[in-house]
Amino acid sequence: MVVLVPLDCLSFHHSLRNHTTFLPLARSTTSTLHFHSPIIQAKAPFFADSDWFQVGRPIGTYGFINITSYSAFPSGPAADYSLEDLGGLKTQDVGEGNVKIRLYEGRVSRGPLTGTPVTFKVYPGRRAGGVAADALAANELNTHLFLQGSSKGIGQHLVLLVGGFETTTGEQVCSMKLFHFTRLGSNSANYVRIICLIQWLAFRDDGRYSAADYAKVASERVSKNQEVSSWNPFEQGQKIKRRQYFIIKLLQGVMRGLAYLHDHDRLHQSLGPFSVVLNTISEREASYLIPRLRDLAFSVNARYTELEDSGQLADALWRRASSAGAFTQVEKRAFGIADDIYEAGLLFAYLAFVPFCEAGVMDSLSLQRLLENTFQLDLEATREYCIADDRLVNAVEFLDLGDGAGWELLQAMLNADFRKRPTADAVLNHRFMTGAVL
């Protein structure tokens with residue numbers, strides 16, 4: 001579960017100020033950032049000057065959901081859902097977050113990466129989005145630079161950060177009592193003019209699609225096929241096999257990205273269908289598919305020596321850890337890793353159902369309620385329920401592969417006891433995930 005909370009000690013501006021970039025660049029260089037106590041050496045070029053980029057058209061917006069109370073079952077941020085879409089969740093109270101993020105296309109305009117397409121993730125800054133927006137932007141910046149400075153190399157299944165900077169958005173008139181100000185004139189004594197800073201993170205553009213986009217397109221194709229009066233059974237069977245292979249390949253990439261994070265003592269904490277970037281959604285191009293994890297704004301430092309100093313963004317996680325009986329540092333770290341695995345399990349369930357169903361039959365929140373509330377994470381009972389619904393037959397058959405290997409893995413990942421959930425590496429080695437069942 002993720003909660004938007006203030007974090008005064010983590011500032012985007014402070015992170016950039018302490019990050020030294022060697023420019024101009026004639027070759028790939030390293031750069032440093034003070035993150036907690038160690039100094040990070042970023043292996044990839046990083047540009048902290050807006051002059052090195054060109055910004056293109058806007059390509060989308062998204063936000064987060066506030067979880068204001070919770071039960072034993074964890075949840076994560078979601079995007080593109082209104083409060084009306086959410087319905088009534090029995091296990092948690094949900095509110096709409098105030099951090100709205102904009103996406104722009106662009107490219108690097110100078111240096112060794114000239115011409116490289118990028119996607120800008122734009123935070124509203126402290127003035128417009130509050131301290132929470134600043135904290136999220138700074139945490140995402142610091143986490144990427146830490147990971148990209150790894151001596152083990154840059155993770156193939158994580159998006160690559162190539163720059164970060166602040167810009168002014170222009171002048172806004174605000175209440176005098178809230179901000180330091182300069183007077184505008186005798187007729188404007190009660191107002192001030194301030195310059196608002198917005199925060200930009202530039203990621204290499206390795207794909208515009210998300211796993212949610214893929215699932216939506218796939219389900220729409222199922223609906224379209226149902227409308228066709230005649231179709232070739234052989235071709236239909238081939239389509240199902242291609243879909244099964246594509247989804248397993250997608251899940252493999254997700255778990256490799258998660259394994260990389262955990263190996264570097266970082267938790268994702270917001271894993272879902274919108275936080276996985278795909279370079280293709282064509283099932284015929286599955287062999288070229290490279291899923292990458294993004295949205296590390298809620299990432300938590302899970303190093304044993306720094307669990308107590310992991311910041312307010314992690315407070316909700318450690319409260320839930322205590323509620324689950326995890327009190328020592330070893331137990332808390334194990335809980336955090338297991339919490340990521342649980343979110344990965346929900347993503348697995350989403351990808352096992354939504355792409356095989358007609359549009360509108362299943363969505364992530366309905367599926368989560370079905371698993372958590374209706375069947376209390378009993379996957380055998382869930383399967384019996386799904387068998388009785390003809391609309392879910394292809395999803396059931398997918399999880400039935402290898403004598404029920406999919407259900408077996410899903411049950412392990414969604415085990416109510418966090419101590420019994422597998423690690424990311426164990427998930428990758430499961431017979432369902434290796435593709436041996438195909």
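Among contacts in the chain between residues at least 6 apart in sequence, what percentage join residues at least 24 apart? In this predicted model, the share is 74%.

**Figure 1. Overview of the predicted chain, with its helices and strands.** The chain holds eleven helices together with twelve strands. Of its 438 residues, 54% count as buried. The accessible surface of the chain amounts to about 19,400 Å², and carbon and sulfur atoms account for 50% of that area. Where contacts between residues at least 6 apart in sequence are considered, 74% of them link residues at least 24 apart.

**Figure 2. Packing of helix 7 against helix 10.** Helix 7, residues 329-353, packs with helix 10, residues 393-413, at an angle of about 165 degrees, and the two axes are 10 Å apart. Because angles over 145 degrees count as roughly antiparallel, helix 7 is roughly antiparallel to helix 10. The crossing of helix 7 past helix 10 is left-handed. On the side of helix 7 the contact is made by Ile341, Tyr342, Ala344, Gly345, Phe348, Ala349, Ala352 and Phe353, while helix 10 contributes Ala395, Phe398, Leu399, Gly406, Trp407, Leu409, Leu410 and Met413. Sorted by class, the residues of this contact of helix 7 with helix 10 comprise 14 nonpolar and two polar ones, with no charged residues.

**Figure 3. Packing of helix 5 against helix 7.** The angle between helix 5 and helix 7 is about 165 degrees, and their axes lie 11 Å apart. That angle makes helix 5 roughly antiparallel to helix 7, and helix 5 passes helix 7 in a right-handed crossing. Helix 5 takes part in the contact through Ile247, Leu250, Leu251, Val254, Met255, Leu258 and His262, and helix 7 through Arg333, Ile337, Asp340, Ile341, Ala344, Leu347, Phe348 and Leu351. By class, the contact of helix 5 with helix 7 has twelve nonpolar residues, one polar residue and two charged residues.

**Figure 4. Packing of helix 7 against helix 8.** Helix 7 and helix 8 pack at an angle of about 115 degrees, with a separation of 10 Å between their axes. This angle makes helix 7 roughly perpendicular to helix 8, and the crossing of helix 7 past helix 8 is right-handed. In helix 7, the residues Tyr342, Leu346, Ala349, Tyr350 and Phe353 meet Ser364, Leu367, Gln368, Leu371 and Glu372 of helix 8. The contact of helix 7 with helix 8 divides by class into seven nonpolar, two polar and one charged residues.

Figure 5. From leucine 351 to isoleucine 248 the C-alpha to C-alpha distance is 9.1 Å, although 103 residues separate the pair in sequence.

**Figure 6. Buried positions at glutamine 148 and alanine 314.** Glutamine 148 belongs to helix 3, which covers residues 125-148, and glutamine 148 counts as buried at 3% relative accessibility. The C-alpha atoms of glutamine 148 and valine 162 are separated by 10.0 Å, with the two residues 14 apart along the chain. Alanine 314 is placed in the loop between strand 12 (300-301) and helix 6 (315-323), and its relative accessible area of 0% makes alanine 314 buried. Between the C-alpha atoms of alanine 314 and glycine 336 the separation is 9.7 Å, and these residues are 22 apart along the chain.

Technical notes. Residues are numbered from 1 along each chain as its sequence is written. This is a predicted model: local features need pLDDT of at least 70, side-chain atom pairs count only at pLDDT 80 or more; totals for chains, interfaces and linings use all residues. Side-chain values use heavy atoms; hydrogens and water are left out. Axes are lines fitted to C-alpha atoms, for helices over the stretch in contact, and angles run from 0 to 180 degrees between N-to-C directions. Helices (H or I, at least four residues) and strands (E, at least two) are DSSP runs, numbered from the N terminus. Angles under 35 degrees count as roughly parallel, over 145 as roughly antiparallel, 65 to 115 as roughly perpendicular and the rest as oblique. A crossing is left-handed if the near helix is turned anticlockwise from the far one by less than a right angle, and right-handed if clockwise. Contact means heavy atoms within 4.5 Å. Ala, Val, Leu, Ile, Met, Phe, Trp, Tyr, Cys and Pro count as nonpolar, Asp, Glu, Lys and Arg as charged, and the others, Gly among them, as polar. Buried means under 20% relative accessible area, exposed over 50%, partly exposed in between (1.4 Å probe, protein chains only). Accessible areas come from the Shrake-Rupley method with a 1.4 Å probe; for residues, only the protein chains shown count as cover.
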